[in-house]
Amino acid sequence: MPAVVIVGAQWGDEGKGKATDILGSRVDYVVKFNGGNNAGHTVVIGDQKYALHLLPSGILSPGCVPVIGNGVVVDLKVLFEEIDGLEERGIDTSKLVISANAHVIADYNRTMDKVAERFLGSRKIGTTGRGIGPTYADKMNRLGIRVQDLFDEKILRQKVEGALELKNQILSKIYNRRSVEVDEVVEELLTYVDRLRPMVADTPLLLHDALRDGKTVLLEAGQATLLDVDHGTYPFVTSSSATTGGACTGSGIAPTEITRVIGIVKAYATRVGEGPFPTELFDDDGERLRANGAEFGTTTGRPRRCGWYDAPIARYAARINGVTDFVLTKLDVLTGWDEIPVCVAYDVDGERVDEMPMTQTGFHHAKPIYEMFPGWHEDISGARTFDDLPQAAQDYVLALEKISGARISTIGVGPDREQSIVRHDLL
């Protein structure tokens, strides 16, 4: 049976959580394969709103097994706080499985993240300060702590000692901070062992067997294509692979198992943090998009930067990920505009560029070339079929489909899981 990937096709916050939740009742496993608690998914079910940060969205689907893959970095304190919060609201989290090879965020990683960002000043990246980047850096430097290490105190202590040997020099001599005690870190991490142990498994083997048994596995990205460490707007990116390629390395599922790639795009564009954003709006339209779309970060609460839909970015994401289907979210937010601009290309130093510029400099200099589309004023939140949409909204969707590189299979017209229009089945 298939492995299906869901990825963000812009800068994140596109509504991946809702898309995963819509499919949750029809899949057997939902796997988070990258990132940590630096990204959030908001899922609305009836009158209940759930803000998920570290847990896969599949945690809300009763028949689904949620999996935290080996490509994720795990803050154990946040993990158990999030589990407890859901349990208090009547959500069963007992099926959660965590990869033995996932890396653990230690307290010193959070410290390094915050002091380094302050030290950068005007050159800051715009991180969430949750230790994600430093934990991935430790992973690549082979100084990381994995979940399995917590079950062998001797190995855990050796790894913490190795990591702090250099970090304490940096903290004390460069940042003028106190050194971190090895015992302090080890003792904190060991407090989680008893509760953590029953959740841990060889998840690549688990998922391999599930696929062999005819199960459907949904792979859920954190962040998005334009925040991918290789393919995003570097250096203003996250520290992991948020694309289809990352789904394979972050879960242990082979590329040949993936049968469909679903890209999530908003009907406009948003971004959190620093970095280039060609269609960003600094006027009343930008404020209106932010207000209408409730564009504030699920994890940080930061106001999101808002702009018009960017087709070159969508085409880029379609190519990088092999997108077979787009889910277009928040179409309802655009209700009320007489005309809606769509970026169809860029002007880069006087030259028209139809695709993502190759260089960082080119993208920084890119100015949007807009095509205007008629807007609509009818309330579309109750639409359940494509024909229910006003003609101008239908035309807008079809125009985006034509210039974005893949078919638009589902359209979101409100925050609730039921407020969706399905044009093509996603599974």
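Guide: The model is predicted, and every value below is computed from it. The part selected here is the second largest pocket, which holds about 240 Å³ of space. Its lining consists of 15 residues, and those nearest the centre are Gly232, Thr233, Met358, Thr359 and Gln360. Sorted by class, this lining comprises seven nonpolar, six polar and two charged residues. Two helices, α11 (311-321) and α12 (360-365), each contribute at least two lining residues. Of the elements, α12 provides the largest share, namely three residues.

The peptide bond that runs from Tyr234 to Pro235 is cis, with omega near 10 degrees. Pro235 itself belongs to the loop between β10 (217-220) and α9 (244-249). Ala294, although not a glycine, has a positive phi of about 50 degrees, and is placed in the loop between α10 (284-293) and β13 (305-307). Asp349, likewise a residue other than glycine, has a positive phi near 55 degrees. Asp349 sits in the loop that links β16 (339-348) to β17 (351-353), and with a relative accessible area of 63% this residue is exposed.

The largest nonpolar core contains 60 residues, and Leu331, Leu334, Leu389 and Tyr396 have the most contacts inside it. Helix α13 (residues 391-404) gives the largest share of this core, six residues. The surroundings of Leu334 can be listed in detail: when residues up to four places away in sequence are not counted, Leu334 touches Ala267, Tyr268, Leu289, Trp308, Ile340, Trp376 and Tyr396.

Leaving aside neighbours within four places in sequence, Arg89 makes contact with Gln48, Lys49 and Tyr50. For the pair Arg89 and Tyr50, the C-alpha atoms are 9.8 Å apart, while the two residues are 39 residues apart along the chain.

The cysteines complete the description. How many disulfides does the model contain? The count is zero, where a disulfide would require two cysteine sulfur atoms within 2.5 Å. In the case of Cys248, the closest cysteine sulfur is that of Cys64, and the separation of 19 Å is too far for a bond. Cys343 is also in no disulfide, as the nearest cysteine sulfur, in Cys306, is 16 Å away. Cys248 has a relative accessible area of 13% and is therefore buried. Cys343 is buried as well, with a relative accessible area of 0%.

Technical notes
Residues are numbered from 1 along each chain as its sequence is written. This is a predicted model: local features need pLDDT of at least 70, side-chain atom pairs count only at pLDDT 80 or more; totals for chains, interfaces and linings use all residues. Side-chain values use heavy atoms; hydrogens and water are left out. On a 1 Å grid over the protein atoms alone, a cavity is a set of points where a 1.4 Å probe fits but cannot get out, and a pocket is an open set with protein on both sides within 12 Å along at least five of seven lines; lining residues have an atom within 4 Å of a point. Grid points are joined across faces, edges and corners, and a volume is the space filled by probe spheres set on the points. Helices (H or I, at least four residues) and strands (E, at least two) are DSSP runs, numbered from the N terminus. Ala, Val, Leu, Ile, Met, Phe, Trp, Tyr, Cys and Pro count as nonpolar, Asp, Glu, Lys and Arg as charged, and the others, Gly among them, as polar. Buried means under 20% relative accessible area, exposed over 50%, partly exposed in between (1.4 Å probe, protein chains only). Contact means heavy atoms within 4.5 Å. A nonpolar core is a set of buried Ala, Val, Leu, Ile, Met, Phe, Trp, Tyr and Cys residues joined through side-chain atoms within 4.5 Å.
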